[in-house]
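Subject: Structure handover

Hello,

Here is the structure I promised to pass on. Please open it next to this email and follow along.

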Amino acid sequence: MVATACNFKSRCDKDMDTLSGYAMCLPNLTRLQTYRFVEHRPILCIEIKPKCGFIPFSSHVSQEIKHKVCRYCMHQHLKVANGKWKRPSKYCPLDLFSGNKQRMHFALKSLLQEAQNNLKIFKNGELIYGCKDDQECVSDWNELARHLKPFFFPSNGLVSGPHCTRTIVKELIHVITMTLLSSTDACRAGDMKTVPVSQGRSYCEASAFNKELVRNGKHKLESSGLPKDCLLYKTLQAQMLDMLDIEGLYPLYTRVEQYLEEFPEERSTLQIDGPYNEAFYEKLLDLSTEDDGTIAFALTKVQQYRIAMTAKDCSIMISLSPCLQDECSEQRPVVLASKSRFTFSVSVLDLDLKPYESIPHQYKLDGKIVNYYLKNVQAKDDPVMSSLFKENEDCTLVLHKV
């Protein structure tokens with residue numbers, strides 16, 4: 001636990017484990033990393049919690065809706081019903097992870113419209129947009145545009161008003177998209193075998209972008225695919241280590257639990273609580289999904305699931321600093337806007353491994369999310385969506401001899 005001027009007040013009452021014997025000194029990721037020459041310049045930082053970017057492809061899924069609607073879109077309705085948020089967001093993770101710029105722009109605009117706890121914007125380390133906690137949100141686009149205008153239009157050439165606000169937000173969305181698609185080869189995570197992205201559906205039926213296409217008579221959602229050297233692709237690969245879905249994973253967790261009840265001394269040997277070293281990493285390379293009934297198979301899938309859940313809940317930090325043309329070189333990544341250019345860094349945080357003990361909670365929560373959606377949302381949406389599909393179907397007139 002670190003106390004700084006930038007920490008939210010809601011975190012000031014957190015307990016510190018003074019007996020752990022360890023402490024971590026972490027960089028302030030709202031500041032630009034690695035480049036000292038820009039330390040004196042204003043820094044803009046966007047924090048995005050992208051969530052899970054794929055539809056489950058596991059045969060263990062018991063409800064067909066999970067093969068059609070993503071976890072995030074379903075969970076939104078339960079959160080609104082429980083009073084966590086006032087309205088559901090139009091953001092769908094599959095649009096952001098699609099690699100299609102139009103879909104990515106829509107996803108980022110949706111995050112800006114309803115940030116919840118999935119988007120925050122900092123200026124010089126101070127929060128200027130987004131939620132400090134579950135309810136206290138700063139979400140005035142005009143105020144955001146006032147903060148952003150010096151970054152994107154330093155010559156002050158735009159007039160004020162709604163047009164100015166929309167133009168500045170559009171510039172921000174473009175820059176975020178380009179940084180998310182940029183290469184991160186300088187910080188490779190290792191030679192993890194890749195899970196084929198094509199295994200799952202590339203769009204979510206509940207996506208507002210998808211629904212708009214259907215209304216306009218278009219049934220095909222474009223998914224350009226992510227560049228394999230960008231951070232979103234690597235994040236998605238880690239997420240897709242959840243190959244069995246929680247429904248297929250939970251029986252394997254139960255198998256491990258039963259083994260530990262019989263042989264509790266084996267817990268450290270199985271590295272349930274670490275250390276997360278090279279030996280732990282080697283076990284993650286087995287991507288087989290055929291259960292041979294062993295503890296080794298069950299443990300491997302459980303540990304892969306923990307990695308996947310960590311990647312599904314991580315945050316991406318994009319730090320931007322204005323860069324003059326003569327300061328930009330091939331060694332420094334640069335992203336261009338209409339009237340300005342930025343040196344940037346992209347980082348990931350919240351990578352502490354999800355607890356082994358949280359798996360039963362995830363299993364129960366998954367059931368609650370799906371059951372609520374089926375009972376309260378899909379039952380209402382289905383007649384509307386089916387009529388939209390029927391209106392857009394081609395009609396063929398068949399004549400029969402009389």
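Where is the place of Pro 275? Pro 275 lies in the loop between helix H8 (245-262) and helix H9 (278-283). Helices (H or I, at least four residues) and strands (E, at least two) are DSSP runs, numbered from the N terminus.

Before you read on, two notes. This is a predicted model, where local features need pLDDT of at least 70, side-chain atom pairs count only at pLDDT 80 or more, and totals for chains, interfaces and linings use all residues. Residues are numbered from 1 along each chain as its sequence is written, and side-chain values use heavy atoms, leaving out hydrogens and water.

**The loop between H8 and H9**

The peptide bond from Gly 274 to Pro 275 is cis. Its omega is near 0 degrees. Gln 271 is in the loop between H8 and H9. Gln 271 is not a glycine, yet its phi is positive, about 60 degrees. Gln 271 is also buried, at 7% relative accessible area. Buried means under 20% relative accessible area, exposed over 50%, and partly exposed in between (1.4 Å probe, protein chains only).

**Another positive phi**

Lys 51 sits in the loop between strand S1 (44-48) and helix H1 (71-81). Its phi is near 65 degrees, a positive value in a residue other than glycine.

Start with strand S3 (residues 126-131). It is mostly covered, with 5 of its 6 residues buried. Strand S2 (residues 119-123) runs antiparallel to S3, and 4 bridges join them. Two strands pair if DSSP finds at least two bridges between them. Phe 122 stands opposite Leu 127 in S3. The hairpin of S2 and S3 has 2 residues between the strands. In that hairpin, Asn 124 takes a positive phi near 55 degrees.

Now look at strand S4 (residues 137-138). S3 and S4 are antiparallel and joined by 2 bridges. Here Gly 130 stands opposite Val 138 in S4.

**Ser 340**

Find Ser 340 in the loop between strand S6 (334-336) and strand S7 (341-349). What does its side chain reach at 3.2 Å? The side chain of Ser 340 reaches the backbone oxygen of Phe 151. Ser 340 counts as buried, at 14% relative accessibility. Leave aside its neighbours within four places in sequence, and Ser 340 is in contact (heavy atoms within 4.5 Å) with Phe 151, Phe 152 and Pro 154.

Best wishes

Note on methods. Polar contact = N/O pair within 3.5 Å; in protein donor to acceptor, adjacent residues only side chain to side chain.
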